[in-house]
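Colleague: I have a few questions about how the side chains pack here. Can we go through them in turn?

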Amino acid sequence: MMAYKKVALAALTLLLASCGTLQKQAFDGTKTYALVSIACNDKISVNSGNQAGGPASILGMVQSVGKDVGYSEKAEPVFKEILPEIKTAFRQDRHFKLLPENKVLRSAAYKNVAGEDPKGFFVSMVLPDKYKLIRDKDQLKQLARDLNVDGVITVSVYMGYGFSGLNLGGLVSAGAHSAKVGYLIAAVDRDGNTLWSDNIEVVSDKSVPALGDAVNFPKLEPLLVATAKKGVHDVLHKLD
């Protein structure tokens, strides 16, 4: 299963490097959108760096037995901390008007939309309370019509880390861990046209020194929070 997850994360890295779509006239400040899906991967795990896909060092495996140190950790606590920043950034953006959150979540249209199971085979997602994971274009265009808005927006956040350093014969590693946060954005109009499809990966300016490739998550998580907060503003700046 770990090998499959590494393949999925490698595919995500390629996706984050791909080109996007933007119809700028749809974001001239006069249109109204609804933010209908906000999701985050459920595990903080390696997604790039020279350790990705490779074997863990013996020292790292020994360290991972200890508390708060390992190769993956639940992302939900960090996601809950950055969620207000994401919502505020979209609500205050000058390129569009945003339908109030309570009008979206309390609407019959939103309650009736099927969405999809956030528990995926490769990567599972966590969601804010009352939100659904919605990626099907037909469901998105129907939501735009039923909510009487010009379009709907979905946001997916992917949190991970990269290790850079030396691995000496699989026995011991020395280097540093950096926080890595990816955003995938999609906006669809009432006819099912893609108005905005974009992505960004942000790497923390600081890193956590490591003797061994296992991660000290209490030290990494503040870097993830800061990087994720910066990332949401970076991706919205692409509308400028």
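This is a predicted model: local features need pLDDT of at least 70, side-chain atom pairs count only at pLDDT 80 or more; totals for chains, interfaces and linings use all residues.

Colleague: How is the pair of Y161 and F217 classed, and how far apart are the centres of the rings?

Modeller: F217 is buried too, with a relative accessible area of 1%. The two residues lie in distant parts of the chain, Y161 in strand β8 and F217 in helix α7, 56 residues apart. The planes of the rings of Y161 and F217 stand at 75°, and planes over 60 degrees apart count as edge-to-face. The pair is therefore edge-to-face, with the ring centres 6.2 Å apart.

Colleague: Are the rings of F90 and F96 stacked, tilted or edge-to-face, and which cluster holds these residues?

Modeller: F90 is buried at 0% relative accessibility, and F96 is buried at 3%. Their ring centres are 6.2 Å apart and their planes are at 40°, so the pair is tilted. The aromatic cluster is made up of F27, Y33, F90, F96 and W196.

Colleague: Which element gives the largest share of the largest nonpolar core?

Modeller: The core has 61 residues, and those touching the most other members are F90, V157, M159 and Y183. V157 contacts, among others beyond four places in sequence, F79, I82, M125 and Y183. The largest share of the core is nine residues, and the element is α7.

Colleague: Is T227 buried or exposed?

Modeller: T227 sits in helix α7, residues 217-236. Beyond four places in sequence, T227 touches A179, V181, V202, V203 and S204. Its relative accessible area is 5%, and the cut-off for buried is under 20%, so T227 is buried.

Colleague: Which backbone oxygen does the side chain of S204 reach?

Modeller: S204 belongs to strand β10, residues 194-211. At 13% relative accessibility, S204 is buried, and its contacts beyond four places in sequence are S178, A179, L223 and T227. The side chain of S204 reaches, at 2.7 Å, the backbone oxygen of K206.

Colleague: Why are the buried residues of α6 on the same side, and which residue caps the N-terminal end of this helix?

Modeller: The buried residues of α6 are L140, L143 and A144. They cover an arc of only 100° around the axis, which puts them on the same side of α6. An α-helix has 3.6 residues a turn, so residues three or four places apart point the same way. At the N-terminal end of α6, a side-chain oxygen lies 3.1 Å from the backbone nitrogen of D138, and the capping residue is D136.

Terms used: Residues are numbered from 1 along each chain as its sequence is written. Side-chain values use heavy atoms; hydrogens and water are left out. Helices (H or I, at least four residues) and strands (E, at least two) are DSSP runs, numbered from the N terminus. Buried means under 20% relative accessible area, exposed over 50%, partly exposed in between (1.4 Å probe, protein chains only). A polar contact is a pair of N or O atoms within 3.5 Å; within protein, one must be able to donate a hydrogen and the other to accept it, and residues adjacent in sequence count only if both atoms are side-chain atoms. Contact means heavy atoms within 4.5 Å. The arc is that of the directions from the helix axis to the C-beta atoms. A nonpolar core is a set of buried Ala, Val, Leu, Ile, Met, Phe, Trp, Tyr and Cys residues joined through side-chain atoms within 4.5 Å. Rings of Phe, Tyr and Trp (its six-membered ring) pair if their centres lie within 6.5 Å; planes under 30 degrees apart count as stacked, over 60 as edge-to-face and the rest as tilted.
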